[in-house]
Each structure stands twice: as C-alpha cells, then as structure tokens.
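Hi everyone, thanks for coming. Let me put the sequence and the model up on the screen, and then I'll walk you through the packing.

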Amino acid sequence: AGIGFGNAGVHLPHGMSYAISGMCKILPHVQYRHPGYPADHPLVPHGISVALPAPAVFRLTGPAAPQRHIAAAQALGADVSRVASDDGEHAGAVLADTVLGIMQRLDVPLGLSH
C-alpha cells in the first residue's frame with residue numbers, strides 16, 4: 001500500500017488519519033459520532049479522518065507538484081483559470097479550497113475542533 005499511496009500522492013492525509021481516528025480511543029473527552037453511523041461508541045470514519053487534514057496537506061504540497069494539484073482541482077469542478085497562469089503558486093490553495101467546499105456541502109467537519 002505504501003508504494004501505491006506514495007505514487008498517488010495520498011500518503012500524508014492517510015498517515016495523519018490514523019492519529020485522528022485514534023483520538024476517540026485514547027482521549028476520553030473526544031466523543032465524535034458521525035451521522036449515519038452507530039451511536040453506541042465514538043467513531044471517526046476513515047474517509048472523514050483522511051479528508052480532515054487533506055486541505056492543509058494540499059496547501060503544503062501544491063508548490064511541489066502544481067500541475068497535479070491543478071488537474072485534481074479541475075476534476076473536482078474548480079475554475080483553475082486564475083492558477084494556470086501563476087506558475088503554480090496557488091495550485092495547492094485552489095485544490096484545498098475546492099475540497100473544503102465539498103466538505104462543507106456534505107456537512108463534513110472542516111477541522112478537528114468541529
């Protein structure tokens with residue numbers, strides 16, 4: 001899985017997700033229960049725990065691979081015309097903002113404090 005994750009560029013959010021999911025087990029005050037999941041115990045679903053750090057990761061990794069970030073943002077429906085001409089300086093930000101917009105529309109928490 002490590003080779004596949006590394007080549008796909010999803011290694012950082014996935015690696016960070018384990019710590020996020022584990023917060024329910026090691027911190028008694030974390031009582032997050034995601035809608036639609038059993039409410040008998042706290043649980044951060046895998047997709048949610050991967051999505052939470054993704055925008056911050058994209059902002060960090062955008063300058064390293066701007067075209068990949070721009071292509072991903074465009075595939076998700078973003079208008080990338082303003083970043084296509086800025087040498088990729090804002091590629092990570094446009095992808096991060098696009099993902100945050102999707103998370104907001106899906107009523108997914110936008111950070112750990114939510």
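A word on ground rules. This is a predicted model, where local features need pLDDT of at least 70 and side-chain atom pairs count only at pLDDT 80 or more, while totals for chains, interfaces and linings use all residues. Residues are numbered from 1 along each chain as its sequence is written, and side-chain values use heavy atoms, with hydrogens and water left out.

Now the overall layout. The protein chain has 7 helices and 0 strands. Helices here are DSSP runs of H or I with at least four residues, strands are runs of E with at least two, and both are numbered from the N terminus. Of the 114 residues, 37% count as buried, that is, under 20% relative accessible area, with exposed being over 50% and partly exposed in between (1.4 Å probe, protein chains only). The chain exposes about 7,000 Å², and carbon and sulfur atoms supply 62% of that; the areas come from the Shrake-Rupley method with a 1.4 Å probe, and for residues, only the protein chains shown count as cover.

So what holds the middle? A nonpolar core is a set of buried Ala, Val, Leu, Ile, Met, Phe, Trp, Tyr and Cys residues joined through side-chain atoms within 4.5 Å. The largest one has 21 residues, and F58, A73, V80 and M103 touch the most other members. Two or more residues each come from α2 (11-26), α3 (46-51), α4 (54-61), α5 (66-75) and α7 (91-105). The largest share, 6 residues, is from α7.

Have a look at α5 next. Its buried residues are P66, H69, I70 and A73. They sit on the same side of α5, because they cover an arc of only 100° around the axis, taking the directions from the helix axis to the C-beta atoms. As a reminder, an α-helix has 3.6 residues a turn, so residues three or four places apart point the same way. On the face turned away from the buried side of α5 you'll find the exposed residues Q67, R68 and A75. The buried ones pack against α4, α6 (81-84) and α7. Leaving out residues up to four places away in sequence, A73 touches A78, V80, V94, L95 and T98. Just after α5, G77 takes a positive phi of about 100°.

That brings us to α7. Its 15 residues should span 21 Å at 1.5 Å a residue, and the end C-alpha atoms are 22 Å apart, which agrees; the expected span is 1.5 Å times one less than the number of residues. The buried residues of α7 pack against α3, α4, α5 and α6.

T98 counts as buried because its relative accessibility is 14%. A polar atom of the T98 side chain lies 2.7 Å from the backbone oxygen of V94. Again setting aside residues up to four places away in sequence, T98 touches A73, L76 and A78.

And A96: buried or exposed? A96 is buried, with a relative accessible area of 0%. Finally, α7 is followed by D107, whose phi is positive, near 60°. Thanks, and I'm happy to take questions!

Definitions and conventions:
Contact means heavy atoms within 4.5 Å. A polar contact is a pair of N or O atoms within 3.5 Å; within protein, one must be able to donate a hydrogen and the other to accept it, and residues adjacent in sequence count only if both atoms are side-chain atoms.
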